[in-house]
Amino acid sequence: MSSTRADLIVVGGGPIGLATAIEGRRAGLSVLLVEPRIGPVDKACGEGLMPGTVAALQRLGVHIKGAPFRGIRYVAPNGDRTVTHRFSTDVGLGVRRTELHAALAARAAEVGVLSHRGRVVGIPTARSAAGANARAGIEVMVELDDGSAVGGNWVLGCDGLHSIVRRESGLALGSDGRRFGIRRHAALAPWTDVVEVHWSAKGEAYVTPISDTEVGIAVLGPRGWPFDEALATFPALARRLSGARWTTPARGAGPLRQKVASPIGDRVLLVGDAAGYVDALTGEGLRIGLACAHEAVRCVAAGRPQDYPRRWRSVTREYRWLTSGLVTTTRVPIARRLLVPTAARLPRIFGAAVDALAR
Ligand SMILES: Cc1cc2nc3c(=O)[nH]c(=O)nc-3n(C[C@H](O)[C@H](O)[C@H](O)COP(=O)(O)OP(=O)(O)OC[C@H]3O[C@@H](n4cnc5c(N)ncnc54)[C@H](O)[C@@H]3O)c2cc1C
């Protein structure tokens with residue numbers, strides 16, 4: 001096996017892998033990032049960067065342009081009931097995933113992250129490998145699909161919802177497989193300065209301004225729900241979109257819920273969606289992932305990786321509680337129907353929840 005080595009081997013060059021790699025360089029570590037796809041990488045996403053996400057990117061030196069949004073609106077299916085909360089902090093940004101990826105990749109290259117094209121297929125234990133590996137200071141190795149391998153002190157598994165690092169490290173607890181996401185873009189000027197979440201009996205559709213001339217539509221719901229069929233269950237939104245030209249094909253992701261035993265294994269830390277995922281309903285994946293990237297690298301750089309699970313729990317707690325609470329409650333049809341009217345009657349509670357998720 002090859003003895004290419006770095007302090008950190010980051011598996012997955014999505015936004016959180018790139019952010020983890022940048023954090024690693026900022027901490028003075030050598031970083032090798034392994035990603036099979038050539039950028040800019042696209043993915044099904046609502047593409048809403050909450051104010052906290054924008055701030056975290058800025059801290060990493062990633063300054064990105066996008067369409068500003070100032071809050072969140074929940075909308076009943078036929079549009080007759082709505083509730084809106086404008087962020088008490090800063091604005092969020094709607095940004096195409098490909099643009100976000102390109103900006104992060106440019107910053108990673110600028111700070112000296114080394115990139116290696118390949119798909120990780122396994123994590124053989126390296127410490128038992130005598131000789132050359134030990135002499136090269138390699139504690140853990142990842143095996144690639146071309147038969148080569150790279151190694152280092154720590155593997156940061158940032159390989160998304162279906163993480164092979166999570167599975168290979170024995171940390172995966174499976175998925176309940178209920179909810180999936182699909183997204184498309186439409187050539188239409190945004191009609192509001194907030195992200196709209198439309199609720200129907202079977203799922204949700206959220207609309208994010210992406211530019212002066214384009215909106216993104218992300219639909220969340222059961223497995224195999226065709227995009228057009230889903231859209232028809234949100235008549236108010238379907239009316240808005242009627243006649244608009246689609247600018248991208250439907251792209252899906254899921255199942256969303258992914259459970260983990262722990263975000264840490266033997267010389268492995270999981271970050272981003274790889275570390276477990278609840279749901280996309282609250283548009284929080286990137287903010288939480290960026291915060292965990294910071295914590296994971298901080299713990300490793302301080303020589304205290306054992307602190308990471310506690311830090312991970314602390315950073316993700318509010319998101320896990322609020323998101324799983326909302327997903328579980330709205331499985332009950334009556335609760336689902338009453339959600340928007342109830343939130344409209346309790347604007348302060350709705351506002352507090354939105355602000356908690358936006359930070
Ligand atoms: C429908 C939907 C809407 C969403 N809306 C929002 C939103 O509005 N706002 C928000 O903040 N979040 C949103 N999210 C969540 C957000 O998209 C994710 O949290 C975010 O993409 C996680 O980034 P990541 O880098 O951890 O994973 P990913 O973006 O999935 O990146 C993983 C990377 O790992 C690579 N990889 C995979 N396997 C391997 C392997 N074996 N070897 C090497 N590399 C590998 C992949 O090629 C990919 O580049 C949404 C999610 C969905 C599904």
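Glutamate 47 is buried, with a relative accessible area of 1%, where buried means under 20% relative accessible area, exposed over 50% and partly exposed in between (1.4 Å probe, protein chains only). This residue is found in the loop between β2 and β3, and its phi is positive, about 65°, although it is not a glycine. Glutamate 47 also belongs to a network of salt bridges that links Asp42, Glu47, Arg96, Arg183 and Arg251.

The model is predicted: local features need pLDDT of at least 70, side-chain atom pairs count only at pLDDT 80 or more, and totals for chains, interfaces and linings use all residues. Residues are numbered from 1 along each chain as its sequence is written, and side-chain values use heavy atoms, with hydrogens and water left out. Helices (H or I, at least four residues) and strands (E, at least two) are DSSP runs numbered from the N terminus.

**Nonpolar cores**

- The largest nonpolar core has 87 residues, of which Ile9, Leu49, Ile72, Tyr74, Val142, Leu156 and Val271 touch the most other members; such a core is a set of buried Ala, Val, Leu, Ile, Met, Phe, Trp, Tyr and Cys residues joined through side-chain atoms within 4.5 Å.
- Helix α8 (residues 285-301) gives the most to this core, with nine residues.
- Apart from this core lies another, of 16 residues, including Ala205, Val215, Phe227 and Leu231.
- Valine 142 is in contact (heavy atoms within 4.5 Å) with Ile9, Val11, Val120, Gly122, Ile123, Ser148, Ala149, Val150 and Val155, leaving aside its neighbours within four places in sequence.
- In soluble globular proteins, nonpolar side chains tend to be buried together.

- Leucine 8 lies in strand β1 (residues 5-11) and is buried, at 1% relative accessible area.
- Not counting residues up to four places away in sequence, leucine 8 touches Gly24, Leu29, Ser30, Val31, Leu32, Trp154, Leu156, Val297 and Val300.
- Although 145 residues separate leucine 8 and asparagine 153 in sequence, their C-alpha atoms are 6.1 Å apart in space.
- Helix α2 (residues 51-59) has Pro51, Gly52, Thr53, Val54, Ala56 and Leu57 buried.
- Those buried residues of α2 pack against β3 (48-49), β7 (92-94), α3, α8 and α11 (347-358).
- Glycine 61, which follows α2, has a positive phi near 85°.

**Salt bridges**

- The structure holds 21 salt bridges, each defined as a side-chain nitrogen of Lys or Arg within 4 Å of a carboxyl oxygen of Asp or Glu.
- Glutamate 110 and arginine 107 form a salt bridge at 2.3 Å, N to O; they are three residues apart in helix α3 (residues 97-110) and so are separated by about one helical turn. Glutamate 110 is exposed, with a relative accessible area of 58%.
- Aspartate 176 pairs with arginine 178 in a salt bridge whose closest N and O atoms are 3.9 Å apart. Aspartate 176 is partly exposed at 32% relative accessible area, and arginine 178 is partly exposed at 45%.
- Arginine 304 and aspartate 307 meet in a salt bridge of 2.8 Å, N to O. Arginine 304 is partly exposed at 41% relative accessibility, whereas aspartate 307 is buried at 16%.

**Cavity and pocket**

- One cavity of 30 Å³ or more is counted. On a 1 Å grid over the protein atoms alone, a cavity is a set of points where a 1.4 Å probe fits but cannot get out, and a pocket is an open set with protein on both sides within 12 Å along at least five of seven lines; lining residues have an atom within 4 Å of a point.
- The largest cavity has a volume of about 50 Å³, where volume is the space filled by probe spheres set on the points, and grid points are joined across faces, edges and corners.
- Pro190, Trp191, Thr192, Val194, Glu196, Val207, Thr208, Pro209 and Val215 line the largest cavity; strand β15 (residues 204-211) gives the largest share, three residues.
- The second largest pocket holds about 250 Å³ of space. Of its 18 lining residues, the closest to its centre are Ala275, Gly276, Tyr277, Trp312 and Arg320.

**Backbone features**

- Most residues other than glycine have a negative phi, and most peptide bonds are trans.
- The peptide bond from glycine 39 to proline 40 is cis, with omega near -5°; proline 40 is in the loop between β2 (31-35) and β3.
- The peptide bond from glycine 254 to proline 255 is also cis, with omega near -5°; proline 255 is in the loop between β18 (251-253) and β19.
- Arginine 267 has a positive phi of about 65° although it is not a glycine, and is placed in the loop between β20 (264-265) and β21 (268-270).
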